[in-house]
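Here's a quick briefing to get you oriented. Have a look at the chain below, then work through the points topic by topic.

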Amino acid sequence: MTAKVAFGAVVAFSAIPLAWAQPPDAVALVRQSIQNYERDWREAMSWEYQQTDVMHSDSTKETDVSEITPVGGTPYERLILKDGQPLSKEQQKKEEHKFNKVSRQREEETPAERLERVHKYESERAFIRDIPDAYSYRITGEEAVNGRPAWVVKLAPKPGFVPTAPRGSMLGHIQGTLWIDKEDVQWAKAEAEVIDTIEIGWIMARIGPGAHFSVEQTRVADGFWMPARIAIQGSARVLMVHNKLLNEELTFSGYRKCAQPNGSPI
């Protein structure tokens with residue numbers, strides 16, 4: 001599991017309410033923040049941006065930079081720097097060939113094939129729809145995040161929670177804190193800690209207690225928020241035999257609106 005699949009889902013569109021001046025009902029606040037988060041995630045399918053992926057493993061450090069472009073309704077990741085270095089001409093040609101191939105494939109998809117691909121992408125993030133029912137909530141106060149006031153909400157796993165979405169079961173093994181922007185009702189920041197072993201896939205990997213996830217978002221446009229940083233630290237047991245330290249950080253920048261969903265910028 002990487003930081004790339006830490007958050008996501010598909011829920012119904014809902015208008016942003018007026019900001020709460022007094023502490024609101026915690027569950028209502030979280031539900032609204034998730035609806036707003038998902039609305040913006042949907043909107044992100046018409047934006048492109050740059051992603052920097054820093055992976056620490058033992059004594060090594062790898063830094064890859066990619067251009068994320070929406071192609072046919074889902075993002076496409078095109079590598080532009082490898083290990084912090086520009087690609088060779090041969091590597092550039094290979095990446096261009098891969099991009100063109102995927103673009104052609106998606107243009108030639110039948111409606112059913114496109115729907116299946118988009119649904120598969122969305123299902124990887126669908127566990128977020130379970131968050132309101134997975135936790136007990138407590139508003140502990142308010143703090144400023146990047147100069148903007150935010151409610152601080154503590155999340156504790158709720159006994160007896162039954163997941164409805166893929167990967168939803170892992171929520172019962174995680175506790176966390178949300179910083180919800182008071183004006184836009186968006187996640188300015190989120191932190192989560194694994195309190196019990198999480199199993200990923202069928203005996204493929206286990207993430208041990210103490211693993212830590214963090215997410216930071218930035219206000220790209222009026223009321224529109226996008227990820228700025230996602231990080232994960234901890235340890236995992238891969239294929240049940242190989243112990244691996246998890247230390248990955250993704251940062252996002254250069255957001256720009258596309259004129260077309262194939263990634264043509266305005």
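## The big picture

The protein chain has an average pLDDT (the predictor's confidence in each residue, from 0 to 100) of 84, and 83% of its residues score at least 70. This is a predicted model, so to speak of local features a pLDDT of at least 70 is needed, side-chain atom pairs count only at pLDDT 80 or more, and totals for chains, interfaces and linings use all residues. Residues are numbered from 1 along each chain as its sequence is written, and side-chain values use heavy atoms, with hydrogens and water left out.

**Layout and confidence**

- The chain holds four helices and 13 strands; these are DSSP runs (H or I of at least four residues for helices, E of at least two for strands), numbered from the N terminus.
- Of the 266 residues, 42% are buried; buried means under 20% relative accessible area, exposed means over 50%, and partly exposed is in between (1.4 Å probe, protein chains only).
- Take the contacts (heavy atoms within 4.5 Å) between residues at least 6 apart in sequence: 54% of them join residues at least 24 apart.
- Among the elements, helix H2 has the highest mean pLDDT, 97, while strand S9 (residues 198–200) has the lowest, 72.
- Residues 1–20 stay under 50 in pLDDT, and the model has 72 contacts for them beyond four places in sequence.
- Residues 261–266 also stay under 50, with 20 contacts beyond four places in sequence.

**Helix H2**

- H2 runs over residues 89–107, and its end C-alpha atoms are 27 Å apart, which agrees with the 27 Å that its 19 residues should span at 1.5 Å a residue; the expected span is 1.5 Å times one less than the number of residues.
- Glu95, Phe99, Val102, Ser103 and Arg106 are buried in H2. They sit on the same side of H2, because they cover an arc of only 100 degrees around the axis; the arc is that of the directions from the helix axis to the C-beta atoms.
- In general, an α-helix has 3.6 residues a turn, so residues three or four places apart point the same way.
- Lys89, Glu90, Lys93 and Lys94 are exposed, on the face of H2 turned away from its buried side.
- What do the buried residues of H2 pack against? Their partners are strand S2 (60–71), strand S3 (74–82) and helix H3 (111–123).

**Helix H3**

- The 13 residues of H3 reach 18 Å from first C-alpha to last, close to the 18 Å expected at 1.5 Å a residue.
- Arg117, Val118 and Glu122 are the buried residues of H3. They fall within an arc of 135 degrees seen down the axis, so they line one face of the helix.
- Ala112, Glu116, His119 and Lys120 are exposed on the other side of H3.
- The buried residues of H3 pack against helix H1 (26–43), S2, S3 and H2.

**Rings and charges**

- The count comes to seven aromatic pairs. In one of them, the ring centres of tyrosine 49 and tyrosine 255 are 4.9 Å apart with planes at 40 degrees, so the pair is tilted.
- Here's the rule: rings of Phe, Tyr and Trp (its six-membered ring) pair if their centres lie within 6.5 Å, with planes under 30 degrees apart counted as stacked, over 60 as edge-to-face and the rest as tilted.
- Tyrosine 49 is in strand S1 (residues 47–57) and tyrosine 255 in strand S13 (residues 242–257), so this pair links parts of the chain 206 residues apart.
- Tyrosine 49 counts as buried at 13% relative accessibility, and tyrosine 255 is buried too, at 17%.
- Tyr49, Phe252 and Tyr255 form one aromatic cluster.
- Arginine 78 has its charged end over the ring of phenylalanine 99, 3.9 Å from the centre; this label takes NZ of Lys or CZ of Arg within 6 Å of the ring centre and within 35 degrees of the ring normal.
- Lysine 182 places its charged end over the ring of tryptophan 151, 4.3 Å from the centre.

**Two loop residues**

- Asparagine 146 has a positive phi, near 55 degrees, and lies in the loop between strand S5 (135–145) and strand S6 (148–157).
- Valine 185 has a phi near 55 degrees, in the loop between strand S7 (174–181) and strand S8 (187–194).
- Buried or exposed? Asparagine 146 is exposed at 71% relative accessible area, whereas valine 185 is buried at 0%.
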